[in-house]
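Thanks for coming. I will go through one model today, starting with its backbone and ending at the ligand.

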Amino acid sequence: MAFTLALQFGLPRKTATFSTLPSILSFALALIAFTAPFSAAQKVELSVDASKTGAKIDRNIFGQFAEHLGHGIYDGIWVGPDSKIPNTRGIRNDVVAALKALRVPNVRWPGGCFADEYHWRNGIGAQRAVTLNPNWGGVTEPNTFGTHEFMDFLDQIGAEAYVSANVGSGTPREAAEWLEYMTTAQPTTLAKERAANGHPAPYKVAFLGIGNESWDCGGNMTPDYYVSQMKIYSHFVRNFNPAQQDKQHMLKIAVGPGGDGPRWTDWTETVMKAYQQHTWSWDINGLSMHSYTVVKWPPSYKSVGFGEAEYSQILKSTLEMDGLINKHSAIMDKYDPDKKVALFVDEWGGWYAPLPGSNPGFLVQQNSLRDAVLAALNLNIFARHADRVRGANIAQMINVLQAMIIIDKEKMVLTPTYYVFKMYVPFQGATFVPVTLDGGSYTHGDVVLPRVDGIAAKDANGKLWLEITNIDPNQAVEIEVSLAGITAKSAAGETLTAPTVDGVNTFDAPNTVVPKPVSAKAQSGKLILKLEPKSVTVVSVE
Ligand code: AHR
């Protein structure tokens with residue numbers, strides 16, 4: 001296979017010998033430099049009133065996105081039953097084990113732009129049509145990973161299906177038949193075909209995307225044209241699964257904005273205005289929003305081998321997610337004050353220049369500590385908007401863009417972003433608790449960022465969890481946590497940092513950016529947490 005992941009971009013590991021006095025002296029100086037940040041730590045006060053709770057943080061904000069793109073699906077998930085790579089019915093066991101630990105709530109599939117060129121019949125049955133993937137490298141699409149394989153994968157990792165229907169080049173009938181094929185329990189011809197293909201029981205489809213980026217790769221539609229399509233698909237593309245007829249009913253997600261200019265506010269206005277006037281025959285439950293952290297288009301920032309300037313610029317850009325959500329939520333509030341329609345940020349993450357030597361159509365990039373911080377900042381923004389943001393899907397799960405996992409043939413490495421998602425598991429379905437926090441600012445050149453960010457939430461057992469991100473790459477912080485509403489004795493959890501802002505995990509050095517235990521004792525009723533520079537920390541309070 002021509003594809004080789006360029007993972008050798010990690011920093012060279014240095015080894016030292018201390019046989020001479022100068023070496024000992026420089027070692028001592030290095031030690032002082034390493035410990036200095038804590039002695040010079042910035043003191044930051046954070047207060048939490050655990051008796052004041054907000055909205056529930058929907059676990060679907062921790063959703064994933066897996067598109068037929070590069071080696072995201074093929075090799076990343078699917079190796080086929082005859083592969084030497086250990087697999088269960090063709091699906092990699094190592095990937096499944098890693099993803100299970102994230103408690104992935106849902107996976108959005110088959111795209112992305114690919115969804116609007118996907119014809120589901122190519123991906124079922126014994127004979128699969130070989131088609132093309134014009135969006136992503138113009139490669140052939142074997143269709144060996146289709147509906148049944150996707151559902152099997154979800155079953156193995158314990159996630160729900162978020163299926164994107166083809167509105168751009170498909171028909172309402174094609175999408176309606178796909179849903180009937182997947183979900184009906186009645187003995188229709190399509191249900192019998194599903195059974196003959198190995199699955200007599202109806203599948204559950206939790207979310208239906210009505211197209212993808214219909215303003216661009218999904219068909220270049222005007223907002224009005226899209227709305228007329230959306231109504232048709234919403235009405236005819238039905239979920240028949242008997243278990244999904246009331247509470248667990250399938251949520252229909254309409255295409256929403258892709259930015260913050262007038263083109264996008266106009267789009268949100270048009271869809272939400274139509275929603276306000278909807279009749280019994282159609283409905284939507286969510287509005288999708290796509291927002292990548294790119295800074296420059298085409299993506300030109302490096303994913304590894306960068307310094308503090310690129311670290312701070314990317315994080316400044318990622319924090320714009322908050323303003324974007326505010327802007328579109330305000331429009332949604334006008335037409336849907338009860339917040340019945342969720343905002344689904346179903347594509348987000350850092351999008352950088354393709355790694356040198358990789359196929360540019362495969363969107364291959366490394367994943368660094370900067371991405372871990374970026375992920376934490378975005379998850380915190382979503383949690384703060386928990387009343388409206390009830391779904392989000394990071395792009396993408398494996399080998400593509402800001403991935404959880406990087407694969408090269410039999411090798412697998414977990415990225416810093418993976419560890420952030422793992423550390424945030426306790427926030428899934430927890431209840432938001434507001435925090436007051438002012439850590440001052442961190443400045444680099446003309447970029448000014450809040451030094452510290454954080455959220456708090458109570459899980460189903462009433463346990464309080466805190467997440468604190470120290471954005472400042474040079475300065476440790478000492479967080480003094482005041483807690484009202486509970487008596488705290490201690491806190492314990494994990495912290496994630498790296499020697500450099502562009503620290504990455506590679507196949508040869510997979511443990512450069514991995515979480516380490518962290519704990520704190522209460523002193524005079526306050527918890528004192530010392531956080532390293534450029535770190536993401538999650539603790540539970542005892
Ligand atoms: O994630 C890559 C692409 O970005 C998706 O296919 C598309 O929806 C978006 O433009």
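**Backbone, cavities and ligand site**

Gln-396 is placed in the loop between strand S13 (389–395) and strand S14 (405–408). Helices (H or I, at least four residues) and strands (E, at least two) are DSSP runs here, numbered from the N terminus. The bond that joins Ala-395 and Gln-396 is a cis peptide bond, with omega at about -10°.

Before I go on, the conventions. This is a predicted model, in which local features need pLDDT of at least 70, side-chain atom pairs count only at pLDDT 80 or more, and totals for chains, interfaces and linings use all residues. Residues are numbered from 1 along each chain as its sequence is written, and side-chain values use heavy atoms, with hydrogens and water left out.

Back to the backbone. A cis peptide bond also runs from Trp-297 to Pro-298, with omega near 0°. Pro-298 is found in the loop between S11 and H8. Then there is Leu-363, which is not a glycine and has a positive phi, near 50°. Leu-363 belongs to the loop between strand S12 (342–350) and helix H10 (369–384). Why point these out? Because most residues other than glycine have a negative phi, and most peptide bonds are trans.

Next, the cavities. The search uses a 1 Å grid over the protein atoms alone: a cavity is a set of points where a 1.4 Å probe fits but cannot get out, a pocket is an open set with protein on both sides within 12 Å along at least five of seven lines, and lining residues have an atom within 4 Å of a point. Grid points are joined across faces, edges and corners, and a volume is the space filled by probe spheres set on the points.

How many cavities of 30 Å³ or more does the structure hold? There are five. The largest cavity has a volume of about 60 Å³. Its lining includes Trp-120, Glu-174 and Trp-178. Strand S8 (160–165) and helix H4 (172–183) each give at least two residues to this lining, and H4 has the largest share, with three residues. By class, the lining of the largest cavity has six nonpolar residues, two polar and one charged. The classes are these: Ala, Val, Leu, Ile, Met, Phe, Trp, Tyr, Cys and Pro count as nonpolar, Asp, Glu, Lys and Arg as charged, and the others, Gly among them, as polar.

The second largest cavity holds about 40 Å³ of space. It is lined by 13 residues, and those closest to its centre are Arg-108, Tyr-162, Gly-211, Ser-288 and Asp-346. Four residues of that lining are nonpolar, six polar and three charged.

Of its 33 lining residues, Gly-258, His-290, Ser-291, Tyr-292 and Val-294 are closest to the centre. S11 provides the largest share of this lining, four residues; helix H8 (308–318) and helix H9 (320–335) each supply at least two. The class counts for the pocket lining are 14 nonpolar, twelve polar and seven charged.

Where does the ligand sit? In that second largest pocket, given that a molecule sits in a pocket if more than half of its atoms lie within 2 Å of its grid points. There are 13 residues around the ligand, and the nearest are Glu-67, Cys-113, Glu-213, Tyr-292 and Glu-347; near means a heavy atom within 4 Å. This shell has seven nonpolar, three polar and three charged residues.

Last, the polar contacts, which are pairs of N or O atoms within 3.5 Å. An oxygen atom of the ligand lies 2.9 Å from a polar backbone atom of Cys-113. For Asn-212, an N or O atom of the side chain is 3.0 Å from a ligand oxygen. For Glu-213, a polar side-chain atom is 2.8 Å from an oxygen atom of the ligand. The ligand taken alone exposes 280 Å², and the protein buries 94% of that, by the Shrake-Rupley method with a 1.4 Å probe.

Technical notes:
Polar contact = N/O pair within 3.5 Å; in protein donor to acceptor, adjacent residues only side chain to side chain.
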